[in-house]
Amino acid sequence: MKNCLGIEIGHYRIKIAYAEKGELKEFISERVQGMDLTDMHVCADLMKEYAIRCRNVVFVIRQEDVYVRRFEMPLMTEEQLRLNLPYEFHDYIGDEMDKYVFDYAMIQTKERTMDLLGAACTKTLSQQFEKLAKMAHLKLVGLVPAVLGLERILEYAQERKDYAVLDLGTQALRIHFFREGVYDITRTMEPGCEEIEQIRLGDKNKMQELGIEVEEENREETDKEKMAAVLEEQYRAVQVMRVLNFYSFNNVNNTIDSLYYCGGGARYGELIDALKETLDLPVRSVAELLPEASLDEEDEWIDSPQAYGVLLA
């Protein structure tokens, strides 16, 4: 893809990847309290602050804002497929198909069937992204689900096998499973890393809730010990192994040999250490899949590899 921006708007951060012909040149992760897609001016003003001379943009659609399914259908024409695709999402959206836009990617065709990835998001969300691009004076060239951004990262890793990718998000932790590099399913665990971040930032409300002195300079040793204990409990509470075991039980022939991690929680070394101690398989950064993508910042782009992955078309 030519020079382009990949942008993911999270609950608390906006992540911007800038690539030239697929090569990552810059990555920005900016915390914005109360980030909301309905508040277009906040997003547009923030994007204007960065002096990157590029108008093309691909937006990442968050996992909770899009339905992505892998399914098999009888072999048919593209026109027939477009007509039948919405019905594959009936269990999720019911009879409100007219409120959604649909798209698909062909995985492979066989003699009588097609293996597909389908996606559906609301027309309202699609229009919000169009409005945001216009306000920021950007040219919208694509809307891509987050998991497909990860899938493109795996394609460039050039090893065709099964993967498990743990996204350490603020509101939820999600393990995305890929069969032979193709998206399969996502398992969500709550809560995410929000409380860890609140404690580490010394959020006043959280400090009061925990009975810890609000002002850092006035904290006694007992306060610091309590904070450390609460954080340690949070790190240990992540039930990743149970999800991995359940997936393996239902997919006995899978070839998952590592857990790759990404997301905002990746910046907490103690959390990563806890995962390594409690899991029975190696825990690795997504950055190991694309070592050539490292920037001067220590692999900061793994905060949202999706924002970079959507540019690897």
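1. Start with strands E9 and E10. In this predicted model, strand E9 (residues 163-168) runs antiparallel to E10, and 6 bridges join the two. One of the bridges to look for involves Asp167, whose partner in E10 is Arg174.

2. Next, follow E10 onward. Strand E11 (residues 182-189) pairs with E10 over 7 bridges, again in the antiparallel sense. The hairpin of E10 and E11 has 2 residues between the strands. In that hairpin, Glu180 takes a positive phi near 50 degrees.

3. How covered is strand E10 (residues 173-179)? Mostly: 6 of its 7 residues are buried. Phe178 has a relative accessibility of 0%, so it counts as buried. Tyr183 has a relative accessible area of 3% and is buried too.

4. Phe178 and Tyr183 also form an aromatic pair. Their ring centres are 5.9 Å apart and their planes stand at 70 degrees, so the pair is edge-to-face. Planes over 60 degrees apart count as edge-to-face.

5. A charge and a ring meet at Tyr163. The charged end of Lys161 sits over the ring of Tyr163, at 4.1 Å from the ring centre.

6. Now turn to the open sheet. It has 5 strands in the order E3-E2-E1-E4-E8, and the pairing is mixed. Which strands stand at the edges? They are E3 (23-31) and E8 (139-145). Each has a single partner strand, so one side of each is left without a neighbour in the sheet. On average, neighbouring strands of this sheet are turned by 20 degrees against each other, direction ignored.

7. Strand E4 (residues 56-61) and E8 run parallel, joined by 6 bridges. Phe59 has Leu143 in E8 as its bridge partner. Helix H5 (residues 146-157) packs on the sheet and touches E4 and E8. The direction of H5 makes about 85 degrees with that of E8.

8. Aromatic pairs deserve a point of their own. How many does the structure hold? The count is 11. One of them is Phe71 with Phe89, edge-to-face, with 6.4 Å from centre to centre and 90 degrees between the planes. Phe71 belongs to strand E5 (residues 67-74), and Phe89 to the loop between helix H2 (78-84) and helix H3 (90-93), so the pair ties together parts 18 residues apart in sequence. Phe71 and Phe89 are both buried.

9. Phe71 and Phe89 are also members of a cluster. Tyr67, Phe71, Phe89, Tyr92, Tyr100 and Phe102 form one aromatic cluster.

10. Finally, the whole chain. The protein chain has 11 helices and 13 strands. Its C-alpha trace spans about 70 × 50 × 45 Å along the principal axes. Does the radius of gyration of 21 Å agree or disagree with a compact globule? It agrees, because a compact globule with 313 residues would have a radius near 20 Å.

11. Of the 313 residues, 50% count as buried. Among contacts in the protein chain with a separation of 6 or more, 61% come from residues 24 or more positions apart.

Notes: Residues are numbered from 1 along each chain as its sequence is written. This is a predicted model: local features need pLDDT of at least 70, side-chain atom pairs count only at pLDDT 80 or more; totals for chains, interfaces and linings use all residues. Side-chain values use heavy atoms; hydrogens and water are left out. Two strands pair if DSSP finds at least two bridges between them. Helices (H or I, at least four residues) and strands (E, at least two) are DSSP runs, numbered from the N terminus. Axes are lines fitted to C-alpha atoms, for helices over the stretch in contact, and angles run from 0 to 180 degrees between N-to-C directions. Contact means heavy atoms within 4.5 Å. Rings of Phe, Tyr and Trp (its six-membered ring) pair if their centres lie within 6.5 Å; planes under 30 degrees apart count as stacked, over 60 as edge-to-face and the rest as tilted. Buried means under 20% relative accessible area, exposed over 50%, partly exposed in between (1.4 Å probe, protein chains only). A charge sits over a ring if NZ of Lys or CZ of Arg is within 6 Å of the ring centre and within 35 degrees of the ring normal. The radius of gyration is taken over C-alpha atoms; the globule rule is 2.2 Å times the number of residues to the power 0.38.
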